[in-house]
There are 2 protein chains.
Amino acid sequence: MTETAVESAAQSKSQQAYAAVKARIIEGTYTPGYRLVLAKIAEDLGFSVVPVREAIRRLEAEGLVKFERNVGATVSGIDPTEYLYTMQTLSIVEGAATALSAPLIDSVAIARARAVNEEMRECLEHFDPVRFTALNQDFHSVLFEHCPNPHILDLVHRGWNRLASLRSSTFRFVPGRAQESVREHEALLQLIEGAADAETIEKAARQHRAATLDAYLAQAKQ
Amino acid sequence: MTETAVESAAQSKSQQAYAAVKARIIEGTYTPGYRLVLAKIAEDLGFSVVPVREAIRRLEAEGLVKFERNVGATVSGIDPTEYLYTMQTLSIVEGAATALSAPLIDSVAIARARAVNEEMRECLEHFDPVRFTALNQDFHSVLFEHCPNPHILDLVHRGWNRLASLRSSTFRFVPGRAQESVREHEALLQLIEGAADAETIEKAARQHRAATLDAYLAQAKQ
DNA sequence: GTAATAGTTATCGTATACGATTTCGTACTT
DNA sequence: AAGTACGAAATCGTATACGATAACTATTAC
């Protein structure tokens, strides 16, 4: 997650720009629809436009920004359809990542995951959605620590990044879903501890994500 | 797949460069390990280096190219580990794409898919691996025509592109696997026709890809 | 003969500059 | 008053130029 000063000093400007803009999107400084003017960003960072352009293009490839020819870049949106696509895809890749990782998770990691989940439970009381989401990613990150397939893990992270740009939007926090989520985490841990077969674990992990989508859809229908 | 002349005329040079280099990788002109010198490609295409750079970066994001700072870009490799990752990921996303698409496939599409599969069967007799692979993609493309989730479809295509760069490498064509593959296609069509449940279809489609990987692994072990 | 080093070349990374395209505002017409 | 046409400003897209970095080569010391 964090990088050493040495590494970041050796980074190219295009990478720095990428990281900077991405961070601003994820932390919510640049909200969906925000117009990313190349010259402006370049000036902010003290770079020229060329590396910024490259950074934007990379973010586009990850789905975080939309870049139209001769028009410009905007932080990509909170379109419900896009949300559905992203959640559905996440459900699949998280399911796979969990099932692949499960046999490699040791009891120490389980304990850490459980501790994180406990924090999440506490988090519910003073209603802190931002922290809850962060902890949720931590929880799953612990499970994915030894994921044997980095490609799949990368897809998970891309999905998370997309969702991050929806921060504090209407999509988040369907009432009651957070509580359920914490319970499902515990159930998942028990499956992993009990060395359940891959299919069962995959199904549970997939369902865990899908349930959040379903909760949103049910609410949206009203 | 194909674009109109008008569209391609309106394309930016960076997009043209992207398409051109990608095509050369996929058709095998640039083989894995090939050194992509920006200035050279730019000269070939009659562009300057800036749009070429952008194109290379995009290809990097898709995993087709490796781009090292101050060193340069190379067509990314045929590392067996990478092959495993890609095939495993494809197995998952193709499985999901097939299951999601299945309810939306009509009898006309089934017939078309069957025709393609028949061509594949014929293809086996005069041993044409390149054409066989192309037809295989056609077969699955027919099934994915009405895939309700474009994100997942995109992941499938990315996987295919990565595999394309392995053309005529040691990974392809494990003896006997092609025949099996044609049989599995027919079995898959029958499941879809019979409106089998999503889980069954997903499992079959996933297994279809996984079997090719297994065949390779079994051969590699010897 | 080999290893270390200095110098050369090739290539990358970024800044600057300018033409191309879009967008927005204003004036004019109906 | 609404719509259209024109022009100005903003922004993008690409070319060119040059400094920075790494790879290569030749030379020298041992």
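1. A residue is counted as near a molecule or strand if one of its heavy atoms lies within 4 Å of it. By that rule 19 residues surround DNA strand C, and the closest are A:Lys13, A:Ser48, A:Asn70, B:Arg53 and B:Asn70. Of the atoms of DNA strand C that come within 4 Å of the protein, 87% belong to sugar or phosphate, and the rest belong to bases.

2. Some notes on conventions follow. This is a predicted model, in which local features need pLDDT of at least 70 and side-chain atom pairs count only at pLDDT 80 or more, while totals for chains, interfaces and linings use all residues. Residues are numbered from 1 along each chain as its sequence is written, chains are lettered from A and ligands numbered from 1 in the order in which they are written, and side-chain values use heavy atoms, with hydrogens and water left out.

3. Individual atom pairs at DNA strand C can be described with the rule for polar contacts (a pair of N or O atoms within 3.5 Å; within protein, one must be able to donate a hydrogen and the other to accept it, and residues adjacent in sequence count only if both atoms are side-chain atoms). For A:Asn70 a polar side-chain atom is involved, lying 3.3 Å from a sugar or linking oxygen of DNA strand C.

4. Helices (H or I, at least four residues) and strands (E, at least two) are DSSP runs, numbered from the N terminus. H2 and helix H4 (49-61) of chain A, together with helix H3 (38-45) of chain B, each supply at least two residues of the surface near DNA strand C. By class, this surface has ten nonpolar, six polar and three charged residues, where Ala, Val, Leu, Ile, Met, Phe, Trp, Tyr, Cys and Pro count as nonpolar, Asp, Glu, Lys and Arg as charged, and the others, Gly among them, as polar.

5. DNA strand D is surrounded by 19 residues, the closest being A:Arg53, A:Asn70, B:Lys13, B:Ser48 and B:Asn70. Sugar or phosphate accounts for 87% of the atoms of DNA strand D within 4 Å of the protein, and bases for the rest. A phosphate oxygen of DNA strand D is 2.4 Å from a backbone N or O atom of B:Lys13, and one is 2.5 Å from an N or O atom in the side chain of B:Ser48. On chain A, a backbone N or O atom of A:Leu38 lies 3.4 Å from a phosphate oxygen of DNA strand D. The elements giving two or more residues to this surface are strand E1 (35-36) of chain A, together with helix H2 (13-27) and helix H4 (49-61) of chain B. The residues near DNA strand D divide into nine nonpolar, six polar and four charged.

6. Between the two protein chains, 29 residues of chain B are in contact (heavy atoms within 4.5 Å) with 29 residues of chain A. The buried area, meaning the accessible area (1.4 Å probe) that two parts lose on being put together, summed over both, is about 2,600 Å² for chain B and chain A, with carbon and sulfur atoms giving 51%. In chain B, the residues that lose the most area to chain A are B:Glu54, B:Tyr85 and B:His151, together 22% of what that side buries.

7. Eight salt bridges (a side-chain nitrogen of Lys or Arg within 4 Å of a carboxyl oxygen of Asp or Glu) are found across the interface of chain B and chain A. One of them joins B:Arg53 to A:Glu54, with the closest N and O atoms 2.6 Å apart. On the side of chain B that touches chain A, H4, helix H5 (80-101), helix H8 (150-164) and helix H10 (198-221) of chain B each supply at least two residues, and H5(B) gives the most, with eight residues. That side divides into ten nonpolar, eight polar and eleven charged residues.

8. Within chain A, the domain assignment gives domain 1 (5-75) and domain 2 (80-221), with bounds that come from an automatic or database domain assignment. Their contact takes nine residues from domain 1 of chain A and six residues from domain 2 of chain A. The area buried between these domains is about 690 Å², and the count of salt bridges between them is zero.
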